[in-house]
Amino acid sequence: MRILVALDQDTRSAHTLSQVTRLLVNTWANVTLLGIVPRTSGDGGVSPDFVATMHQYHQAVLEGFDAGDRPYAPADEDYEIAEIRPGVFEKMGRAAGGIKELTVRIRVGDPTQAILEEAQDCGSDLIVLHGDMDSRQKIATKADCSVLIVKEQRDTGRILCFLDDDLLSQKSLEMITQMAVLFNAEIEIAGLTDKQPQEGTIESKLDWLMRYFNRKGIQPWVQLVALSSLEEFILKEDHWSLVTMWIGETSIFKRLFSVNKVAKLLQSRKSSVLLLR
Amino acid sequence: MRNTSIAVEADLASRIAIRYACQLGRSLEMNIGTIHALEPGEEGRSIATGWVRQTWENAVVQEKIEQVTQMVKSEQAGCRRLENPIFLPPGRHRDDRIAEHLRSNQSDLLVEGMLHRFEPDQFMQKVGSRLYRELPCPILLAKNVPPLSKGVLWVSEGKVPQPMAKAFWGLLPLPSIELQFLVCRFGRPPSEAAREIAPTSGIEDAVSLINSEGGSIKRISTVDGSPSSMAAMVRDHFLVVSSVPRANSPMAKLLSKSPCSLLFLS
């Protein structure tokens, strides 16, 4: 798995990074820490202050691991920032080793474009960004991979997975399992349904998911929610650390995400949001 | 040895009911039987008359028998003590046939499955049904299968008679399970948060009986609020125990919000 973490100098980036570090400790994923510098009227370069922040982020990730259990190369204090392509900078150090990649990059330009291009370049499976990044809505809609929008710390011990007619990928299920570990939470699955014949299909998927999670030692809570009650459900039952939803081609959320009130509702909630593809 | 019957259909809710009963069966001595009340045909549909109709009805019944048998067989792989299904022939209302079976079989417990729904309508129908109103024996409505370690929550609006506590302990004599009592007062509007208030009398007999049997009562609280403000209190338990509430009453609304399995006692 490769994770792309979009970071800026907002304090919420540090919180996002601490969450991601917990995920990295569990997954040993390849990771790119991507600093975003919106293009200004300057020379298109990166300020030393921002470079220093990215170095701190790099160190913070490594400090999340026990010294003997770290899959990444150490952070070299004697590093350089090289422009590898116009507007794309990479932190270069002399320290070698590490069985997994930890890349630190900075992109100057439009944040949405920068994040999506980097995700494409590094082949990321998951983009992580904090809930106050202006570009989150566009990235959530346009990305080809899963997107995790991290909001403030909220440990309710429950994560919610919306389930609809969409296909479930093995990768996305593994990601939910990782999230359950990350948030130290139990899994609630809400099957979305509105029509009687649809319930049979959703029930079969619920049963399959229950068995899948049971094999992982997880006992999920299951429930059904009528699509017509979805808005009320999100408003009234707002007790989750994380809300996840599949947004594949046939998904209800794929069809509704950019315009529907549900997306706006989730933005206004305190739960983090994971969009699975 | 407790005699448990699970009323099954060929659906996920029934699988949950079976898994829940089998989980209980790993801690308690109990027989676990399954029953299915056959229906002559799909309600509201009428296919021809005479021999044609009879043939169609027989085919529907046969198909249902096969589906239920297959479902029970697949669950038997994870629960050896699960017995093959007994089919109650079509005839009177489903509830009457199940009640009669429970009485003749001297069942100690009926387990039924129901998927938890955000919308309360089906739950209200269930608690308003004849079977639940008459309660020929305790009924356990299984909605989810959390671990036993999540404990039991007993909700009431005041009095819990000692015979009810005795019936509970007779069914689930599990000293290792933590038990909590929640006495609910529904005196606040939904916009206000629920508040713990001074304890009121009414559950002392039940508490002393369970204590004398070696039960482990973790907490007793009295809370004033509304069904929605108390919903979080009924969200995370192995089992929630109650008497059968009147449909659409505040207690029924509270229980409809619980994803936990519910045990109804009289």
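Predicted model: local features only at pLDDT ≥ 70, side-chain atom pairs only at ≥ 80, totals over all residues.
1. Start in chain A, with strand β12(A). There, Val273(A) is the bridge partner of Ile149(A). Val243(A) also stands opposite Val273(A).

2. Strand β7 (residues 146–150) of chain A runs antiparallel to β12(A), joined to it by 3 bridges. Strand β11 (residues 242–246) of chain A pairs with β12(A) in the parallel sense, over 5 bridges.

3. How many residues of strand β12 (residues 272–276) of chain A are buried? The count is 5 of the 5, so the strand is largely enclosed by the rest of the structure. In a regular strand, side chains alternate between the two faces of the sheet. Both faces of β12(A) are covered. Ser272(A), Leu274(A) and Leu276(A) lie on one side, Val273(A) and Leu275(A) on the other, and all are buried.

4. Now the contact between the chains. Chain B contributes 22 residues and chain A contributes 21 residues. Together the two chains bury about 1,900 Å², with 53% of that on carbon and sulfur atoms. On the chain B side, Leu12(B), Phe118(B) and Arg235(B) lose the most area to chain A. Those three residues account for 33% of what that side buries.

5. The rule finds 11 residue pairs in polar contact between chain B and chain A. Two elements of chain B give two or more residues to the side that touches chain A: α1 (12–25) and β5 (116–117). Of the elements, α1(B) gives the most, with 5 residues. By class, that side of chain B has 8 nonpolar, 4 polar and 10 charged residues.

6. A strand pairing also spans the two chains. Strand β10 (residues 221–226) of chain A pairs with β5(B) in the parallel sense, over 2 bridges. Within β5(B), His116(B) is the bridge partner of Gln223(A).

7. Another is Arg19(B), whose side chain meets that of Asp207(A) at 3.1 Å, N to O. This pair also crosses between chains, from Arg19(B) in helix α1 of chain B to Asp207(A) in helix α6 of chain A. Asp207(A) and Arg15(B) are buried, and Arg19(B) is buried as well.

8. Arg158(A) and Asp236(B) form a salt bridge through their side chains, at 3.0 Å, N to O. Over all chains, a search of the whole structure finds 30 salt bridges.

9. Within chain B, look at Arg94(B) and Glu112(B). Their side chains meet in a salt bridge at 2.8 Å, N to O. The pair links distant parts of the chain, 18 residues apart. Arg94(B) is in helix α3 (residues 94–104) of chain B, and Glu112(B) is in strand β4 (residues 109–113) of chain B. Is Glu112(B) buried or exposed? Glu112(B) has a relative accessible area of 2%, so Glu112(B) counts as buried, the cut-off being under 20%.

10. Chain A has a salt-bridge network. Salt bridges that share partners join Arg85(A), Glu90(A), Arg105(A), Arg107(A), Glu117(A), Glu118(A) and Asp121(A) into one network.

Technical notes
Residues numbered from 1 in each chain as written. Chains lettered and ligands numbered in written order. Heavy atoms only, no water. Contact = heavy atoms within 4.5 Å. Buried area = accessible area lost by both parts, 1.4 Å probe. Salt bridge = Lys/Arg side-chain N within 4 Å of Asp/Glu carboxyl O. Polar contact = N/O pair within 3.5 Å; in protein donor to acceptor, adjacent residues only side chain to side chain. Helix = DSSP H or I, 4+ residues; strand = E, 2+ residues; numbered from the N terminus. Nonpolar A, V, L, I, M, F, W, Y, C, P; charged D, E, K, R; others polar. Pairing = 2+ DSSP bridges. Buried < 20%, exposed > 50% of the residue type's maximum accessible area, 1.4 Å probe, protein only.
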